[in-house]
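The questions below ask what lies behind the terms used for a model. Each answer sets a value against its definition.

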Amino acid sequence: MPDFAVNLSMLFTEVPLAERFSAAAEQGFSKVEIQFPYELPAAQILDLLQHNKQQLVLLNAPAGDWFSGDRGIACHPDRVAEFRQGVSLAIDYAKKLNCPNINILSGISPANYNSKLVRETFIDNLKFCAEVCANENIQLLVEAINTQDIPGFFLNNSRQAFELFQAIDHTNIKLQYDIYHMQIMEGNVIQTLRDNLDKIGHIQFADVPGRHEPQTGELNFSNIFKALDDMGYSGITSLEYNPSASTAESLGWLKQIA
Ligand SMILES: O=C(O)C(=O)[C@@H](O)CO
Ligand SMILES: [Mg+2]
């Protein structure tokens, strides 16, 4: 059975972020991830983690101004300084919270720049991040996201990520393989995981369509989780879905397969 974590930005949203740690602990989760933890001071998050005997396993670097439409800025040629400042904040949180992974969002390709410059900016930023994270013993992750939910998102499939890894040529970068996004963009989930396990550092999941819990859509999660065990995946597999009912009700599948 995978080593499960739960994403506190998408599950347990019935209560404010600070209350989701205990709500997750009550459901048996000892590992949590937060997309953007910055609304709470790191010291408060540390208290909550300690109080609930939980480990924070993943956070995202700041992704620009989400409410104005940014979905990451790592590929934006005119925002390199802002991006790198955000990475410093992410590292600060990760160190204070003993969080082993930082995820980067490429962002939407900016329309006013040529595609070569956009790609080069992303590569340069990821080289920089891989090195500064390596110095702090933090694994750098980058996530591919489907272009139905975020039209124009620059990094949107696993093959593209693996090509970028060759150009980046750094040992401290891996793909955050989100089964939901990759089922939409390319399918072939189990074979892709098996063929590229050495390049995958973290897994997230939701069913397709709808981005809800397992057993609401087309994916066979029992088979996917068994395949992950069989191929020897030893990383974390995280629930990152929009519960179709309450979060507690949405966990029925987990009790069935555990
Ligand atoms: O949307 C996803 O999938 C994520 O993992 C988020 O971190 C993006 O904000
Ligand atoms: Mg994800």
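Q: What makes F12 count as buried or exposed?
A: This is a predicted model, in which local features need pLDDT of at least 70, side-chain atom pairs count only at pLDDT 80 or more, and totals for chains, interfaces and linings use all residues. Residues are numbered from 1 along each chain as its sequence is written, and chains are lettered from A and ligands numbered from 1 in the order in which they are written. A residue is buried if 20 or more other C-beta atoms lie within 10 Å of its own, exposed if 12 or fewer, and partly exposed in between, with C-beta atoms placed from the backbone. F12 has 25 other C-beta atoms within 10 Å, so F12 is buried.

Q: Where is F12, and what is noted about its phi?
A: F12 is in the loop between β1 (3-7) and α1 (17-26); helices (H or I, at least four residues) and strands (E, at least two) are DSSP runs, numbered from the N terminus. Its phi is near 60 degrees, a positive value in a residue other than glycine. Most residues other than glycine have a negative phi.

Q: Why is R211 called buried?
A: R211 has 20 other C-beta atoms within 10 Å, and the definition asks for 20 or more, so R211 is buried. R211 sits in the loop between β7 and α8, and its phi is also positive, near 60 degrees.

Q: What makes strand β5 (residues 139-143) largely enclosed?
A: 5 of the 5 residues of β5 are buried, so the rest of the structure largely encloses the strand. Q139, L141 and E143 point one way, and L140 and V142 the other. In a regular strand the side chains alternate between the two faces of the sheet.

Q: How do you know that β5 pairs with strand β4 (residues 101-104) and strand β6 (residues 173-178)?
A: Two strands pair if DSSP finds at least two bridges between them. β4 and β5 have 4 bridges, in the parallel sense, and β5 and β6 also have 4 bridges, again parallel.

Q: What is the hand of the β-α-β unit made by β5, helix α5 (residues 158-168) and β6?
A: The unit is right-handed: with the strands pointing away from the viewer, the path from the first strand over the helix to the second runs clockwise.

Q: Which strands make up the closed barrel?
A: The barrel has 8 strands, running β1-β2-β3-β4-β5-β6-β7-β8 with parallel pairing. UniProt, in an unreviewed entry, places the feature "domain: Xylose isomerase-like TIM barrel" at residues 21-256; such annotations may be inferred rather than shown by experiment.

Q: Which residues are counted as lying around ligand 1?
A: They are Q35, N60, N103, L105, E143, I145, D178, H181, Q204 and E240. A residue is near a molecule if its C-beta atom, placed from the backbone, lies within 6 Å of it.
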